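Here is a short tour of a protein model for someone meeting it for the first time. Have the sequence and the 3D view open as you read.

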Amino acid sequence: MSIEEPSEDAPDAYRDLIEQHRRISYLGDASGVLGWDQQVTMPEGGAPARAKQLSALSSVTHDLMTDDEFEAALSGAEDAADELDWRQQANVREIRRSYDRTADVPGDLVEELSEVQSENQQIWQEAKAEDDFELFAPRLEQLRDLSIRRAEHISPDQAPYEVLYEDGLPYISRERIQEIFDRLKAELVPLIEEIEQHGDELASPYEGGEYSEANQRALSEAALDAIGYDRDHGRLDISAHPFTSGNQFDARVTTRYKPGNPMDALTATIHEYGHASYMLGLPEEHYGTPLGQSLSSGVHESQSRFWENHVGRTKPFWEFFLPEVKEHLDGVDDLTAQEAYEAVNRIYPNNLIRVEADELTYHLHIILRCEIDSAFVAGEIDVEEIPELWNEKMEEYLGVTPDGVGEGCLQDIHWSSGFAAFQGYTIGSVLAAQLDAAMRDDISDVDGKIRNGEFEPMREWMNENVHSHGRAYKSDDLIEEATGEPLTADYFLDYVEEKFTDLYGL
C-alpha cells in the first residue's frame, strides 16, 4: 500500500497542511534513526557530532512548525472543518495540539534542549557504569530547568509537571492516573505480602546457569519468528536499555543479554515486539500524518505489556515454545512447561531493577519513580537528594536497598531525556488487561491458539481495534471504542489475583 495523498476534493488549506506536516514528520523520523544509531551502533567518540546533528534537526523542525505558512494552512483547515470527514478533522485536531505545544517555545530553547538530551545519553551510560551520580547530577538539573522553561512557554498558568505529563499521556487526567495508582498500591502490596508469607516455592530452573549471548540471541530470534515479527520491516539489536524505534515501514527492536538470566532478554524482546507490532500496524497510507502515528505512551505500552504478559508469560505459550528453549539453551533438557511457566512468573520483591521486575512488584517501581520525578520537577527536592530518597522508597515499597546508583536511581535511561514519562508503563499494563478481556470476548479459545502458535488472530484484533486508528480518537475515546468502557483497573487486578493465587497455591 502506498502513501495516500489527500483527495482532490479536500479543501486546499487541508491539502497544504498535510503536505507541510508530512515534511515535518519525516524530519522527526530521521531524528529517530539517528537516535537509534546513537544507542545501537554509533562509536563512542561520535557523541559530540550526534548531539549537534540532532539539535540541528530539532531546530529545523521547530522552524517549519512555527512558520507563518504552516499556521495559515492550519487555520484555513480549521475554517473548512465542515468540509472534512471526521478522520480529517482528527488530523487537524492533533496538528493543532502539536502546534500549540510548539509555537510559543523559542527556537534556541528547542535546539539547546535537544543537544542536552543527546549529550545526556552518553553521560548517563558513563555515570551508570561508574556508579557515579555526581557525574550525572548537573546534567539532570540542567535538563529539569530547560524542561520547566519549555513547559512555562507552552502553558504558563499550568504546573510544569502537568504540562510535561501531557506530552506522553494526553487526554487522560493525572487525577484519573492517581486514582489507579492508589488502588494498585492498596491491592498489590497485600497480595505480594501474602505470596511472600504463604506462597508455594516456584521452579527456578535457570538459577546458577551460564547462557551464552549467542544462544540467548538465537532464542530471542526464534521467539520473534514464532510470534510473527516482519523481518522485512524490522531487526533485533543490542542496547544498554531495551527499546523500539521506527514507524509503519521500519520498526526496530533491541534487547540485552545477561549470562545468568536468559528470561530477561527473552521477555524484553517479546515486550519490544509489542511496541513494534503497534508501529507496523499503523496505516501505511497515512504515514506522516497523525492518522498514521501512535497515540500515547500508555496505549503504546499496552501493546508491549499485552505481548509480554498476556501472551509470553502464559502457560499455553510455554507449552508451545518449550522446544525452542531446549534447542537453544544448554542444561534444560528436562525442563517442563509448568516449570518454565513458573520460572517466568516468579515474584521477586527484592529485585532492584525495573525492567527485570515481575508483574506485581513492577508497579511499585513505577510509583516510586513518579513520586520522585514529580517532586524534583516541582522543586520539592534537590538533585542531591535523589539517590537517598530513591533508596528509602525502595526499602519502603520493596524491602530492598540498592548498593549503588547504577542499580538505583541511574538504572533507567529516561531521566537522560525528560520527565513525567513513567506513568505510561503502569497505565499500559492496566490497559493491556482490559484489552485482553475484550479480545477474549471476540476471539474464541485464545489460549488454544497460543498453545498452537497461532498468534495472527490476536495481532489482527489489536490492529483492527487499536493500531489502525492512529490518532483518530483521543486516548479515552479509543479505550472505550476498543473495550466498550472507560479505562479501569478492574481487569488488571482480577487478572493478577486469579493468576498469582493459582500459581502460588494461595
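Is Asn463 buried, partly exposed or exposed? With a relative accessible area of 28%, Asn463 is partly exposed. Buried means under 20% relative accessible area, exposed means over 50%, and partly exposed lies in between, using a 1.4 Å probe and protein chains only.

## About the model

This is a predicted model, in which local features need pLDDT of at least 70, side-chain atom pairs count only at pLDDT 80 or more, and totals for chains, interfaces and linings use all residues. Residues are numbered from 1 along each chain as its sequence is written, and side-chain values use heavy atoms, with hydrogens and water left out.

## Asn463 and its surroundings

Asn463 sits in helix α18, residues 456-465. Helices (H or I, at least four residues) and strands (E, at least two) are DSSP runs, numbered from the N terminus. Not counting residues up to four places away in sequence, Asn463 touches Gly281 and Ser468. Contact here means heavy atoms within 4.5 Å.

Asp330 is elsewhere. Asn463 and Asp330 are 133 residues apart in sequence. In space they are 37 Å apart, C-alpha to C-alpha.

## The nonpolar cores

The largest nonpolar core has 135 residues. Such a core is a set of buried Ala, Val, Leu, Ile, Met, Phe, Trp, Tyr and Cys residues joined through side-chain atoms within 4.5 Å. Tyr206 and Ile386 touch the most other members. Helix α14, residues 362-377, gives the most to this core, with 10 residues.

What does Ile386 touch, not counting residues up to four places away in sequence? Its contacts are Phe133, Leu140, Ile372, Phe376, Ile381, Cys409 and Trp415.

## Two helix pairs

Start with helix α5 (residues 107-130) and helix α6 (residues 133-154). Their axes come within 9 Å and cross at roughly 155 degrees. That makes α5 roughly antiparallel to α6. Axes are lines fitted to C-alpha atoms, for helices over the stretch in contact, and angles run from 0 to 180 degrees between N-to-C directions. Angles under 35 degrees count as roughly parallel, over 145 as roughly antiparallel, 65 to 115 as roughly perpendicular and the rest as oblique. The crossing of α5 and α6 is left-handed. A crossing is left-handed if the near helix is turned anticlockwise from the far one by less than a right angle, and right-handed if clockwise. On the α5 side, the contact includes Leu109, Val116, Ile123 and Trp124. On the α6 side, it includes Phe136, Arg139, Leu143 and His153. By class, this contact has 10 nonpolar, five polar and seven charged residues. Ala, Val, Leu, Ile, Met, Phe, Trp, Tyr, Cys and Pro count as nonpolar, Asp, Glu, Lys and Arg as charged, and the others, Gly among them, as polar.

Now take helix α1 (residues 12-40) and helix α3 (residues 68-79). They pack at an angle of about 135 degrees, with their axes 8 Å apart. That makes α1 oblique to α3. Their crossing is left-handed. Ala13, Tyr14, Asp16, Leu17, Gln20, His21 and Ile24 in α1 meet Glu69, Phe70, Ala73, Leu74, Gly76 and Ala77 in α3. The contact divides into eight nonpolar, three polar and two charged residues.

## A buried asparagine

Asn91 lies in helix α4, residues 86-100. At 2% relative accessibility, Asn91 counts as buried. Leaving aside its neighbours within four places in sequence, Asn91 is in contact with Tyr14, Ile18, Thr289, Pro290 and Leu291. Asn91 and Glu380 are 289 residues apart in sequence and 39 Å apart in space, C-alpha to C-alpha.

## Residues in loops

Pro170 lies in the loop between α7 and α8, and Tyr171 lies in the loop between α7 (160-168) and α8 (174-198). Pro170 is buried, at 6% relative accessibility. Tyr171 is partly exposed, at 27%. Phi of Tyr171 is near 75 degrees, a positive value in a residue other than glycine. Pro170 touches Arg97, Leu295, Ser296 and Ser475, not counting residues up to four places away in sequence. Pro170 and Leu295 are 125 residues apart in sequence and 8.7 Å apart in space, C-alpha to C-alpha.

Ala420 belongs to the loop between α15 (386-398) and α16 (423-442). Ala420 is not a glycine, yet its phi is positive, about 65 degrees. Ala420 is buried, with a relative accessible area of 7%.
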